Amino acid sequence: MTIPERERPQDYVLRRVTERRVRLIRLWFTDVAGQLKSFAISPAELEAAFTQGMVFDGSSIEGFSRIAEADMVAVPDPETFELMPARNGSSDEISARMFCDITGADGTRFDGDPRGVLRRVMDRARDAGYTFYVAPEMEYFLFEPDRVDGRPVPLDAGSYFDLTTADIASDIRHRTLSALETMGIPVEYSFHEDAPSQHEIDLRYADALTMADSVMTFRLLVREIAFEHGVHATFMPKPLAGVQGSGMHTHMSLFADGRNAFSDENSADGLSDVARGFVAGLLSHAREITAVTNQLVNSYKRLIAGYEAPVAISWARSNRAALIRVPPTRNEGEEATRVEYRAPDPACNPYLAFAVILAAGLKGITEGYELPPETPPSITGYSDHGGPAYGHHLPASLDEALDEMEGSALVAETLGQHLFRWFLRNKRREWSAYQTQVTQFELDNYFAAV
């Protein structure tokens, strides 16, 4: 949203609502798991929402508050105001959305607000002179609305960059791009991904808070537009066995005084000491933050060798099996210098994922972590004997990832004790429930054999 100079953001929003005859303003926030929450207010309530916030029952939101302290306040951020695309081309009801920051009833910042967690870490980066920019590659699947024998049915058998004109997938992607543009979310690339019915849309660089808002908006738009076409969209990391899963490879850089702090034209490889420290911090704390960047039991069905997902904790320029890749900048100049963190998946809570990534990178910079040697191009992430190539690998299950997170001072400090304890407790419960399940694999392989 572009606000004219000398006009307060709140005044701009109030004027736009009047000019465009907006009938509903949807106030958005997320719970700790990254599920989008929303309630709507009328234009008549908007000015009071800016000055006083809107009270809601926090005890009904995962990870927010106990019943004894249920009242929470949603304070809309006017900088996030955008008109919503009309559904099915209808213009009968014009609505808009704003993201909210969550406070307690006394006006103090609520420690369990994921958006507030990211704000806090970005403020630390800003105090150190940095602004954190990210650009995620959003992968997802489109499926038929009905499943066969409990399994999802892809819409096509396409692969990389296939132009699937025989089905509705291309039209859905085109509609999605138009909706994103309408809501001020710029896109860099879009194409059919490697797996059947898998798609990718790459979002253009923005500061991490704006991008986390954009990721939440993106996921909603993709699902809604797919639903309008009678198909199902999912950001589940691994919905199909035997093909690659969906990742959220995230390109990132730090800027200082308007210049890319990751770039150093005088170094042999173009990377600055800041970039080296940032990458070293990510590598050092990768195991600790994986439960946040990959928060589902299903996430670890993707993080296996052989399916273009990282396994070994390593970095490289030309090796896509590495956890961190330093992409070539071609002729784009120093502003394009960046690193790509390849572990996250699109089911994560983007506020928390970006927060722990930034915290790990800052730790590497401030404490002068030493960058380990680059992974050779021939390394695939696993040795010929099946073990991790360098002896260091990402957690192989949510259970293992939670063990690493539980012992991490960095993650506890970044999330805050309220959110840290809730996340661990909730995810332990999820893992326990998963362990009690009898899967189709077990029935297929053991029921008749033993």
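**View 1. Helix H6, residues 273–293, has 21 residues, yet its end C-alpha atoms are only 25 Å apart.** A straight helix would reach 30 Å at 1.5 Å a residue, where the expected span is 1.5 Å times one less than the number of residues. Helices here are DSSP runs of H or I with at least four residues, and strands are runs of E with at least two, both numbered from the N terminus. A kink of about 75 degrees is centred on Ala 286 of H6, the bend at a residue being the angle between axes fitted to the seven residues ending there and the seven starting there. Of the 21 residues in H6, 17 are buried, a term that stands for under 20% relative accessible area, with exposed meaning over 50% and partly exposed in between (1.4 Å probe, protein chains only).

The model is predicted, so local features need pLDDT of at least 70 and side-chain atom pairs count only at pLDDT 80 or more, while totals for chains, interfaces and linings use all residues. Residues are numbered from 1 along each chain as its sequence is written, and side-chain values use heavy atoms, leaving out hydrogens and water.

**View 2. Phe 29, Phe 39 and Phe 56 form one aromatic cluster.** Rings of Phe, Tyr and Trp (its six-membered ring) pair if their centres lie within 6.5 Å, and planes under 30 degrees apart count as stacked, over 60 as edge-to-face and the rest as tilted. By this rule the count comes to twelve aromatic pairs. One of them is the tilted pair of Phe 39 and Phe 56, with 6.3 Å from centre to centre and 40 degrees between the planes. Because Phe 39 lies in strand S2 (residues 36–41) and Phe 56 in strand S3 (residues 54–57), this pair ties together parts that are 17 residues apart in sequence. Phe 39 is partly exposed at 23% relative accessibility, whereas Phe 56 is buried at 11%.

**View 3. Phe 441 and Tyr 446 form an edge-to-face aromatic pair.** The ring centres of Phe 441 and Tyr 446 lie 6.2 Å apart, with 85 degrees between the planes. Phe 441 is exposed, with a relative accessible area of 53%, and Tyr 446 is partly exposed, with 43%.

**View 4. The largest pocket holds about 1100 Å³ of space.** On a 1 Å grid over the protein atoms alone, a pocket is an open set of points where a 1.4 Å probe fits, with protein on both sides within 12 Å along at least five of seven lines, and lining residues have an atom within 4 Å of a point. The lining comprises 29 residues, of which Met 236, Lys 238, Pro 239, Asn 298 and Lys 301 lie nearest the centre of the pocket. Helix H12 (440–446) and strand S11 (232–234) each supply at least two lining residues, and H12 gives the most, with four.

View 5. Most residues other than glycine have a negative phi. Ser 197, with a phi of about 60 degrees, is in the loop between strands S8 (187–192) and S9 (198–203), and counts as buried at 0% relative accessibility. Asp 257, with a phi near 55 degrees, lies in the loop between strands S12 (250–256) and S13 (259–260), and counts as exposed at 79%.

Conventions: Points joined across faces, edges and corners; volume = space filled by probe spheres on them.
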